[in-house]
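Biologist: I would like a close look at one part of this model, with the aromatic side chains as the topic. Please take the rings and their surroundings in one connected account.

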Amino acid sequence: MNDKNTLYIVVPCYKEEAVLPETSKRLEAKMTSLMEQGKISEKSRIMFVNDGSSDNTWPIIQSLHEKKPELFSGVNLSRNRGHQNALLAGLLTAMNYADMIISMDADLQDDINAVDAMIDAYHKGYEVVYGVRSKRDTDTFFKRFTAEGFYKVMKALGVDIVFNHADYRLMSRRAVEGLSQFSEVNLFLRGIVPQIGYKWTTVTYERAERFAGESKYPLKKMLAFAADGITSFSVKPIRLVFTAGVIVFIVSVIMLLYALIAKIAGHTSVGWTSLMGSIWLLGGIQLLGLGVVGEYIGKIYNETKHRPRFIIESVLNKQDNE
């Protein structure tokens, strides 16, 4: 058995008071089973990361730690920083204690039984193990269509991303140390982690329905998340705007020549429809181009300020050697 088998499960939490009692119960059972099988050490922990929740999420995490400090630990961020930052805060904190770290959402829609296969892959020498959904039967048609379309668009734009993988993954300590060297503020971990390199594999699972609470990713946040992913890892949108500009310029030159020829030939009637159509088309392309460029400028602005991605207010983590 590999002696480097201390596991930390990092679970970002934002207003998850409805699910934490059941989530902690299921994760405790899983961790106990893994310890009894000898797959992980007794130093392994479940680390809940409170992302500035305004409900009872942090008091529940504190209570879990007080009752079973040998199993539950917690990280409390000073304010809400978003799922990706909360996840990163947990990963970088757990890196100091763990040999392998698994990240998953608090609603446990991702099958926790896939943890066994992830750990087996880790012991076979894999540094990163991605949890990949085998199918999307539980999604609505709209969610399935947009989600799969997003991955295909990312691939088309040249982004190295694992299809149908969210943030359910195992990473070795060395992989997380590599992740810590990425300093960008605009986080899109699904795109960053593959850039680390190292030996990797995938584990498939089926996603279940959320058993309590409500999704923290409505359509507005999903669109913003997709925009962050695309603009953080590809400059192709700007190149597409440039290409569109070249095409419109060429068409404009052709139309100018057509207008001159028409004037010389004596056909000078003015078409209101073509005029208005041209104005709306050019105006739309200009606004679209400004919007795309603005997205990139905004990201540059955020990066140049070098503000901290998160601030940890407190950490609850009792070690066996204390």
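Is Tyr 205 buried or exposed, and what is its relative accessibility?

Modeller: Bearing in mind that this is a predicted model, Tyr 205 counts as buried, at 4% relative accessibility, because the limit for that class is under 20% relative accessible area. Its ring pairs with that of Tyr 168: the centres are 5.2 Å apart and the planes stand at 80 degrees, so the pair is edge-to-face, given that planes over 60 degrees apart are placed in that class.

Tyr 8 and Tyr 97 are stacked, with 5.8 Å from centre to centre and 15 degrees between the planes. Tyr 8 lies in strand S1 (residues 7–13), while Tyr 97 lies in the loop between helix H3 (83–94) and strand S4 (100–103), so this pair ties together parts that are 89 residues apart in sequence. Here Tyr 8 is buried, with a relative accessible area of 0%, whereas Tyr 97 is partly exposed, at 28%.

Charged side chains also meet tyrosine rings: Arg 174 lies over the face of Tyr 198, at 4.0 Å from the ring centre, and the charged end of Lys 199 sits over the ring of Tyr 126, 4.6 Å from its centre.

Methods:
Residues are numbered from 1 along each chain as its sequence is written. This is a predicted model: local features need pLDDT of at least 70, side-chain atom pairs count only at pLDDT 80 or more; totals for chains, interfaces and linings use all residues. Side-chain values use heavy atoms; hydrogens and water are left out. Rings of Phe, Tyr and Trp (its six-membered ring) pair if their centres lie within 6.5 Å; planes under 30 degrees apart count as stacked, over 60 as edge-to-face and the rest as tilted. Helices (H or I, at least four residues) and strands (E, at least two) are DSSP runs, numbered from the N terminus. Buried means under 20% relative accessible area, exposed over 50%, partly exposed in between (1.4 Å probe, protein chains only). A charge sits over a ring if NZ of Lys or CZ of Arg is within 6 Å of the ring centre and within 35 degrees of the ring normal.
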